[in-house]
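Good morning. Please look at the screen while I go through one model. I will keep to the two chains and a few side chains.

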Amino acid sequence: MIAMLPVPAVDPVLDTESWWWQPLAIVGLKVLVVFIIGLVGTMFMVWFERKIVAGMQNRIGPDKAGPFGLLQTLADGIKLFFKEDLIPERSDRFVFKLAPFLAFVPAFLIWSVIPLGGDFTDGRDGTVEWFGQITRVQLADPPVGVLLVLALSSIAVYGVMLAGWSSGSKYPLLGSVRASAQMISYEAALGLSLAAVLMAAGTLSTSGIVAAQDQLTDWHLLSTGVVPFVVFLIAMTAELNRPPFDLVEAEQEIVGGFHTEYSSIRFALFFLAEFMNVISMSALLVTLFLGGPQPLLIGSFDLFAVLGPFGGTAWLLLKVFLFLYVYVWFRATLPRLRYDQLMDLGWKVLIPVALGWFLLLAALQLGRDNDLSQVGYVTLVIVCLVVLGLGYLLFTAAISVARRNRDREGAAY
Amino acid sequence: MELIVFVLASAMVLSGAIGVVLFRNPVHAALGLVLTLFGVAVHFVSMEAHFLAAVQVIVYAGAIVVLFLFVIMLLGVDRAEDLTIEPLKLQRPVAIVLGAGVTVLVAGAVVRGADTLGRETNASAPGDSNIRALARSLYSDHVLAFELTSVLLIVAVAGTVVLTRRLKKSEG
């Protein structure tokens, strides 16, 4: 047999010499907890969104099932289970059945790399001891953590794309082509703003990124300048197909978009995946930019110090909650973009801004690594600004030339 | 353990590859290709090349095959084609020759490289030093090739746009 190599610790609990039931039990427990959090969180999110939107529109919203209507989602879910499962005559049966799972499974798996708690303050690495075993409050901590999330979100494109194609009807196909074009376009901006964080943290692992944000000034929201955060937030909203970027399911134009032909439990899977993605991407945003489970200290006062070891989890929940509210707020406030506006924003604004800012940050990082003098820094910044200015001029020139050509020749199609 | 993973991943790769060849429907064939790419990613993970595995999924499965699907859907060639009509007469004999040639080359490379098995590699280093080593060699030793590749890609994209643009005569 091949000798066991030192495995890069996906979970420190697996590093122990003596293999007995504890590591397996801990991993199993964590899988279970992550699964339950995912489901319950999604249920809650659906209720939360309906309730907040209702409040903003001066309605009451769900209030019959359970206290404050909390069980409304459960009731809806049970109802969906018992509905008739329709498969269109002209659909591609195998792909039609496969697509909901391709949307659902990645949404769940993103949770596995989010640090859900643990103590990262004062340079501690966030490991905790359960039943005499050292582990992390996160399902897995692979060395490529954040890339795994990107990989999963690129798999999620398949769910949408194949659902629309396999339905064998025109509105779903239109919806899915829109969706995949949108998701691919915004993935670039998402990746570029992510790169700024990865450069600041110097690691790809999610727990490493959290550990790098010890003080408030180290939070990547501030240490990378606010620009990557804003780009990430917008790109993420587009990536999630949330309003104001929900052209994918623009009811007035293409019925329900890619899931028009889906009914019953298969529709429920798409619905769940969408809401679960909102929560898990918010958690990712918090992990990347707002320090995840790191507390926000006022002086040395920690709001959740009472909770002891669960303080980190409470902080994470509070921050995720904030962004869930922001998403609902977006939905209730902003009108939907037109398709060309959507593509303009993605390609002509977000990607150049993210790229330029990344260049600037990289130059500053290089200056810091090489211990530049004050004069050196100033020259560096001036050179950067000149390069960025030239880039901007070229860019606007290219756009105006393109516009002039279009005016002269008429639209290409 | 490693044997089980190897067998399963290889089964994924092979069944995906066979699917690509045998499926009549181009979309199913593209999905077979995705299965193959995933199998390769699993192989990468089992060899501790986590970064390569992630990039494999992001770039190949997440971008290139999505592009294939796009083309298939937009051009509407998603129905089985008639294989008896051959647009390029030479295509099949040349494909057979090339296929045989590639098989011989790969077999030769495997036989010659047999002694590299078990040799000490960077991949067994802990944590993300794997990624660091990769970045260092990419951006220092091979930086010229890297930049040339990016120039090639830009030229390809710009060229495609220029060549496919239909210039309409303005008709007032």
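This is a predicted model: local features need pLDDT of at least 70, side-chain atom pairs count only at pLDDT 80 or more; totals for chains, interfaces and linings use all residues.

Residues are numbered from 1 along each chain as its sequence is written, chains are lettered from A and ligands numbered from 1 in the order in which they are written, and side-chain values use heavy atoms, with hydrogens and water left out.

Chain A, then. It has 13 helices and two strands. Helices here are DSSP runs of H or I with at least four residues, strands are runs of E with at least two, and both are numbered from the N terminus. Of the 413 residues in chain A, 48% are buried. Buried means under 20% relative accessible area, exposed means over 50%, and partly exposed is in between, using a 1.4 Å probe and protein chains only.

Next, contacts, meaning heavy atoms within 4.5 Å. Taking the contacts in chain A with a separation of 6 or more, 76% are between residues 24 or more positions apart. A:Val230 is in helix α8, residues 227-239. Is A:Val230 buried or partly exposed? Its relative accessibility is 40%, so A:Val230 counts as partly exposed.

Now the surface. Chain A exposes about 20,200 Å², and carbon and sulfur atoms supply 70% of that. Accessible areas come from the Shrake-Rupley method with a 1.4 Å probe, and for residues only the protein chains shown count as cover. There is a nonpolar patch with about 780 Å² of accessible area together, and its members include A:Phe68, A:Leu70 and A:Phe82. Patch residues have over 30% relative accessible area and no salt bridge; like charges are joined within 9 Å, and nonpolar side chains (Val, Leu, Ile, Met, Phe, Trp, Tyr) within 5 Å. A salt bridge is a side-chain nitrogen of Lys or Arg within 4 Å of a carboxyl oxygen of Asp or Glu. A:Phe68 sits in the loop between α1 (21-56) and α2 (72-81), and it counts as exposed because its relative accessibility is 63%.

On to the rings. How many aromatic pairs does the structure hold over all chains? There are 15. Rings of Phe, Tyr and Trp (its six-membered ring) pair if their centres lie within 6.5 Å; planes under 30 degrees apart are stacked, over 60 edge-to-face, and the rest tilted.

A:Phe44 and A:Phe48 are a stacked pair, at 5.5 Å centre to centre with 25° between the planes. They are four residues apart in helix α1, so about one helical turn separates them. A:Phe48 is buried, at 8%. A:Phe104 and A:Phe108 have centres 5.2 Å apart and planes at 85°, so that pair is edge-to-face. Both A:Phe104 and A:Phe108 are buried. One aromatic cluster is formed by A:Phe44, A:Trp47, A:Phe48 and A:Phe321.

Last, chain B. It has six helices and zero strands. Buried residues are 23% of its 172 residues. Its accessible surface is about 12,500 Å², with 74% belonging to carbon and sulfur atoms.
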